[in-house]
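Have the picture open while you read, and look up each part as we get to it.

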Amino acid sequence: MKKVHSLISIISLSIVLAACGTTTESEKTDQPAPTTETKNSEETVSPTNPEKELLGTTVESENQNYSITVVDNFELTSEEPNKDLIFNQENDLQSMRIETFDPNNGTLKDVTQNLVDTLQASNDSGTVVEITDQKLIPTNESIEDAKAFQIDTSSGKVTGYTFVREGLIVKLTVFDTNESPALETFVKMAETIKVK
């Protein structure tokens, strides 16, 4: 019963968090934009098919010290202090939570352990496995010490990453679905995270 309660809680929390920041068109005109956007991305990917190219928009987090390129049909919102969320506007069950840490306030080892604990909490009976498939791990010349883990849940895979970019520790938690997975798109966006 505890497992069912935990799973229901996690799924409910994901849906609620994905819904945070969702507004109607009339609300959008009355509220200030939650992020700063600039056109011309360094990455081009498609929301569901990374081989089809779409330009993204570079967006700066309001409450964290980074910018990221967000592809069409995805949106970056502030979830709570020091946590942002990118969600798929066409499938809000697909999202990526972004947390950043100053290396003076924590270590990559501690953040990685916290990530593994978070993933395990999403499925008490599942096993967290390390990802070795390079196309499923954010990589570029500025990303250091990338770690990637994944666990299966009844609604899809939950994937987590930690890495260092320009001295900033980054923790990502991706919630994906079994139908039309978007993990590779989230990975491509994660590769564009930069200190602002």
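What follows goes from the overall layout to the sheet, the cores and a few single residues.

**Ground rules**

This is a predicted model, where local features need pLDDT of at least 70, side-chain atom pairs count only at pLDDT 80 or more, and totals for chains, interfaces and linings use all residues. Residues are numbered from 1 along each chain as its sequence is written, and side-chain values use heavy atoms, with hydrogens and water left out.

**The overall layout**

The protein has four helices and 11 strands. Both kinds of element are DSSP runs numbered from the N terminus: helices are H or I with at least four residues, strands are E with at least two. Of the 196 residues, 44% are buried. Buried means under 20% relative accessible area, exposed means over 50%, and partly exposed is in between, using a 1.4 Å probe and protein chains only.

Now think about contacts, meaning heavy atoms within 4.5 Å. Among the contacts with a separation of 6 or more, 52% are between residues 24 or more positions apart.

Seven strands make an open sheet with antiparallel pairing, in the order 4-5-6-10-9-8-7. Strand 4 and strand 7 (129-130) sit at the edges with a single partner strand each, so one side of each has no neighbour in the sheet. Two strands count as a pair if DSSP finds at least two bridges between them. Here are two of the pairs:

| Strand pair | Bridges | A bridge pair |
|---|---|---|
| Strand 4 and strand 5 (83-88), antiparallel | Six bridges | T77 and L85 |
| Strand 8 and strand 9, antiparallel | Nine bridges | Q150 and T159 |

Five of the seven residues of strand 4 are buried, so strand 4 is largely enclosed by the rest of the structure. Strand 4 also forms a hairpin with strand 5, with two residues between them.

Helix 3 (residues 108-121) lies across strand 6, strand 8, strand 9 and strand 10, and runs at about 175° to strand 9. That angle is between N-to-C directions on a scale from 0 to 180 degrees, with axes being lines fitted to C-alpha atoms, for helices over the stretch in contact.

**The cores**

A nonpolar core is a set of buried Ala, Val, Leu, Ile, Met, Phe, Trp, Tyr and Cys residues joined through side-chain atoms within 4.5 Å. Which residues touch the most other members of the largest core? They are I68, I86, M96, I98 and L172, out of 28 residues. Several elements supply at least two residues each, including strand 3, strand 6 (91-101) and strand 10 (168-175). Helix 4 gives the largest share, five residues. There is also a second, separate core of seven residues, with L115, L119, F149 and I151 among them.

Take a look at I98. Leaving aside neighbours within four places in sequence, I98 has contacts that include Y66, I68, L76, I86, L172 and I193.

**An aromatic pair**

The structure holds one aromatic pair. F74 is in strand 4 and F186 in helix 4, so the pair ties together parts that are 112 residues apart in sequence. Rings of Phe, Tyr and Trp (its six-membered ring) pair if their centres lie within 6.5 Å; planes under 30 degrees apart are stacked, over 60 edge-to-face, and the rest tilted. Both F74 and F186 are buried.

**Some single residues**

F163 belongs to strand 9. Is F163 buried or exposed? F163 is buried, with a relative accessible area of 0%. Leaving aside neighbours within four places in sequence, F163 has contacts that include L108, P138, I143, L172 and A190.

T69 is in strand 3 (residues 66-71), and counts as buried at 4% relative accessibility. The side chains of T69 and T58 are joined by a polar contact of 3.4 Å. A polar contact is a pair of N or O atoms within 3.5 Å; within protein, one must be able to donate a hydrogen and the other to accept it, and residues adjacent in sequence count only if both atoms are side-chain atoms.

Finally, two backbone angles. Most residues other than glycine have a negative phi. N82, in the loop between strand 4 and strand 5, has a positive phi near 65° and is partly exposed at 45% relative accessible area. S180, in the loop between strand 10 and helix 4, has a positive phi of about 50° and is exposed at 51%.
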